[in-house]
Amino acid sequence: MSAAATRRLTTAQALVRFLAAQYTERDGVRHRLIAGTWGIFGHGNVAGLGQALVEYREAMPYHQGRNEQAMVHAAVGHARHLNRLSAQAVTTSIGPGATNLVTGAALATINRLPVLLLPGDYFASHAADPLLQQLEHPVEADVSVNDALRPVSRYFDRITRPEALLTSALNAVRVLSDPAETGAVTLALPQDVQAQAYDWPEEFFADRVWRVRRPAPDPAELAEAVRAIRAAARPLIVAGGGVHHSEAEPALKALVDATGIPVTSTQAGKGALRHDHPADLGGIGHTGTAVSDALARTADLVIGVGTRYSDFTTASGTLFQHPGVRFLNLNITAFDAHKLAADTLVCDARSGLAALTDALAGHRVDAAYETEYRTGRARWEEAVEEAFRADDDSAVPTQTQVLGALDTVVGDEDVVINAAGSLPGDLHKLWRARSPRQYHLEYGYSCMGYEIPAALGVQQAAPDTPVWALVGDGTYLMNPTEIVTAVQENLPVKLVLVQNHGYASIGGLSESVGAERFGTDYRHRVADGSFTGAPLPVDLAANAASLGMDVLRAKTVRELREALSTARAATRPTCVYVETAPPGTALPAEAWWDVPVAEVSAREAATEARAAYERAVADRRRHL
């Protein structure tokens, strides 16, 4: 009997060949799991993975990044747009290149989105010791800076021998493709091991399909859920990102059409129902709509679908105030399903919603309740129209009028991306999501600098789709460098760059907690040490142009609409730059958010803020 067939390759070559042969499949549709690899080459990966990606460049597309954190953001945007069925890998050098991955990894894992991280690592053999950029730990010689990725990864391994990859690569892909486990996955690759050869079994390189399950609800849990819904007078659905990941939007609509239960949405779940559906009430929580938060305070049953209940959603535990409120959570993970002492449906969102619709046949909420929330919804629509309205087309636009102008330009297929600053609050309250993937907010980690690289990842996932990155001046200054990558790869992303000369959201928060907007303006320092002088002579539009973008400057509402229309039709990366007039944000928050205030202070602003804090925190509930 002949020996099993083998192929002699380096560890890096074997990893690339293996990743190129991995697929996911759901509902009979197959997707390539690792659609491409982002990389910045340097000490620790150029001779290993760099050489392997050249050798197999036809099998594994390569994308050249400029910032390691940004590469992870791009991969996350790609995975989110494709409902976690396809992901991308990211490779970096050792040392600072690797530690720059930590923020992006945390973002991916917090948002339950798959990304494969392949940082270089120190010599496994310790042949060169200490190595350039090596952390020398006095009592743990096997620790490297890559260990900083352990707490933000769903799976982590350091490949210290070539054959260890046989097990670890399979485990890595298992986690990436599992909707209940997914997040950042890290395989740390010592640079000497990357270059070592091994006789790999041919089976390792065979096409492998990872079927993404749709587990059905447990019959007993389903029966209990149906009893709870039938008994509720004021049920309310909170739609989270799991609705999108499961492609459960039609199933949610079917349930709502049949029962009349209204739907609110988290930042990740917005668009689960189209904005003009009569039961769609918009965002919930601290950045939610007036109608959503009013109903949340009186709901006797809160039905969470694919949500992890962040503090923005629950208004830091102060939102759900009905004396007998209970929770029913439908989630693919038991970890999230059990939050708030809920009754649980641990299952796929689409399967669970379909099962609920069938089991609730003939049940509908009271007509008076429908009338109440539809009336509230109509009032909120009037507030949105007022916020978007610009009575003078020759005036400098406010930030909400910028959103109103964009609202008139986008089509159903466009994608709008944002992550941090004051824009997420305005968007959650006001944006009219026309399709499931139009509203792309990363608010699990609220990471400044996400928007531009994420737009690249979405554009790669949907080449013919207009993709908009909405960026404030603070966020732009954090991470503009992937504009160069957009130009290099001819990705026609549209950047809306809003200049308000400071941190608008944190400035407002600072004022509300007694910190007096200290350190939140982009202004010259004056004699007393404060930053209250003239705005800095910084031209962000010129910076974007210097990085290769076409730039359109808009000074008025009319010019803004024209520039947005031009940008939408553009076939190369295009920036619309606009300076906004106050007020900076749309409407006041309808629900609280817990930011502790100094208990004692000699300053009046902090003393007054503490008194307001104590009044608000008194409404917090522990849902047990």
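This is a predicted model: local features need pLDDT of at least 70, side-chain atom pairs count only at pLDDT 80 or more; totals for chains, interfaces and linings use all residues.
I began at G304, whose bridge partner in strand β16 is N329. Residues are numbered from 1 along each chain as its sequence is written, and side-chain values use heavy atoms, without hydrogens and water.

**Entry on β15**

I followed G304 to its other side, where V238 stands opposite this glycine. Strand β15 covers residues 301-305 (strands are DSSP runs of E, at least two residues; helices are runs of H or I, at least four; both are numbered from the N terminus). I counted five bridges from β15 to β16 (residues 326-331), and the two run parallel. Strand β12 (residues 235-239) is also parallel to β15 and is joined to it by five bridges. Two strands pair when DSSP finds at least two bridges between them.

Are the residues of β15 buried or exposed? I found five of its five residues buried (under 20% relative accessible area with a 1.4 Å probe, protein chains only; exposed is over 50%, partly exposed in between).

I next looked up an open sheet of three strands, which has mixed pairing and the order β3-β2-β11. Its edge strands, β3 (29-32) and β11 (208-211), each pair on one side only. Between β2 (residues 22-26) and β3 I found four bridges in the antiparallel sense. One of the residues involved is R26, whose partner in β3 is V29.

**Entry on G507**

I located G507 in helix α21 (residues 504-512). Its relative accessible area is 0%, so I record G507 as buried. Setting aside neighbours within four places in sequence, I found G507 in contact with R517 and T520 (heavy atoms within 4.5 Å). For W210, I noted a separation from G507 of 297 residues in sequence and 47 Å in space, C-alpha to C-alpha.

**Entry on cavities and a pocket**

How many cavities of 30 Å³ or more does the whole structure hold? My search of it gave four. A cavity is a set of points on a 1 Å grid over the protein atoms alone where a 1.4 Å probe fits but cannot get out; a pocket is an open set with protein on both sides within 12 Å along at least five of seven lines; lining residues have an atom within 4 Å of a point. Points join across faces, edges and corners, and volume is the space filled by probe spheres set on them.

The largest cavity holds about 160 Å³. I listed 18 lining residues, with H275, D280, L281, G282 and E381 nearest its centre. Elements giving two or more residues to this lining are β14 (280-283), α15 (367-388) and α17 (423-430). The largest share, four residues, is from α15. By class, I noted eight nonpolar, four polar and six charged residues there (nonpolar: Ala, Val, Leu, Ile, Met, Phe, Trp, Tyr, Cys, Pro; charged: Asp, Glu, Lys, Arg; polar: the others, Gly among them).

For the second largest cavity I recorded about 70 Å³. Its lining includes R26, L176, V212 and H245, and divides into four nonpolar, four polar and three charged residues.

Of its 17 lining residues, H126, A141, D142, V143 and R158 are the closest to its centre. This lining has seven nonpolar, four polar and six charged residues.
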